[in-house]
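I am opening a notebook on a structure that is new to me. My plan is to look things up one by one and write down what I find.

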Amino acid sequence: DIAEAIRAEGHAAADFVIIGSGPNGASPHHEVSDRVIRPGDPVVVDIGGTSSAGYCSDATRTYVIGEPPQDFLAYYEVLQRAQSEAVAGVRPGTSCASVDAVARQVITDGGYGELFIHRTGHGIGLQTHEHPYIAADNDLPLEPGMAFSVEPGIYLPGRHGAR
């Protein structure tokens with residue numbers, strides 16, 4: 001249904017639809033399963049496609065069905081702060097690694113550092129995942145016109161996650 005909606009909204013193709021609920025949300029690239037979404041589940045939705053002009057999209061959102069688990073609220077607040085501070089640090093000349101470090105530091109200071117198991121972001125353009133990669137090992141300086149995501153994540157194995 002989501003892939004059809006992506007195309008109905010103007011994309012030439014739906015390239016990926018990842019829906020991870022509950023414990024499946026603790027996997028950044030969850031694959032299809034038969035798990036049914038339940039009340040209280042955090043649900044990570046990661047979708048994207050290619051436009052008729054050849055440019056890609058990538059949108060990731062986290063929702064909660066009903067009342068969220070108490071531990072979710074605590075780390076989601078840290079995650080929002082990490083994203084906000086990382087975005088505030090984006091400017092020409094700043095390295096990709098520096099943007100990643102800002103998000104990583106906020107999450108580490110919040111007590112969730114070991115649960116941030118993925119890069120902070122990636123370029124989006126003619127490919128869904130392309131340079132610049134917003135990652136700890138990428139010293140590439142940002143330049144005007146670069147389009148990229150800033151999507152840090154916290155993943156509690158076997159429980160839930162958010163990005």
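**Entry 1: a proline in a strand**

I began with proline 132, which sits in strand E5 (residues 130-134). Strands here are DSSP runs of E with at least two residues, helices are runs of H or I with at least four, and both are numbered from the N terminus. I looked at the peptide bond from histidine 131 to proline 132: it is cis, with omega near 5°.

The model is predicted, so local features need pLDDT of at least 70 and side-chain atom pairs count only at pLDDT 80 or more, while totals for chains, interfaces and linings use all residues. Numbering starts from 1 along each chain as its sequence is written, and side-chain values use heavy atoms, with hydrogens and water left out.

**Entry 2: the whole chain**

I listed the elements next. The chain has three helices and seven strands. From the N terminus they run α-β-β-β-α-α-β-β-β-β. The radius of gyration is 16 Å, close to the 15 Å from the globule rule for 163 residues, so the chain is as compact as a globular protein of that length. That radius is taken over C-alpha atoms, and the rule is 2.2 Å times the number of residues to the power 0.38. Along its principal axes, the C-alpha trace spans about 45 × 40 × 20 Å.

I checked burial: 42% of the 163 residues count as buried. Buried means under 20% relative accessible area, exposed means over 50%, and partly exposed lies in between (1.4 Å probe, protein chains only).

I also checked contacts, meaning heavy atoms within 4.5 Å. Among those with a separation of 6 or more, 61% join residues 24 or more positions apart.

**Entry 3**

How many aromatic pairs does the count come to? It comes to three. Rings of Phe, Tyr and Trp (its six-membered ring) pair if their centres lie within 6.5 Å; planes under 30 degrees apart are stacked, over 60 edge-to-face, and the rest tilted.

I took phenylalanine 72 and tyrosine 75 to start. Their ring centres are 5.3 Å apart and their planes stand at 75°, so this pair is edge-to-face. The two are three residues apart in helix H2 (residues 70-88), about one helical turn. Phenylalanine 72 is buried, at 4% relative accessible area. Tyrosine 75 is buried as well, at 0%.

Phenylalanine 72 also pairs with tyrosine 76, and that pair is stacked: 5.2 Å centre to centre, with 20° between the planes. Four residues separate these two in helix H2, again about one helical turn. Tyrosine 76 counts as partly exposed, at 24% relative accessibility.

I then followed the ring pairs onward. They link Phe72, Tyr75, Tyr76 and Tyr112 into a cluster.

**Entry 4: alanine 3**

Last, I went to helix H1 (residues 2-8), where alanine 3 is found. Is alanine 3 partly exposed or buried? Alanine 3 counts as partly exposed, at 24% relative accessibility. Setting aside neighbours within four places in sequence, I found alanine 3 in contact with Ala14 and Val17. Isoleucine 65 is 62 residues from alanine 3 in sequence and 21 Å away in space, C-alpha to C-alpha.
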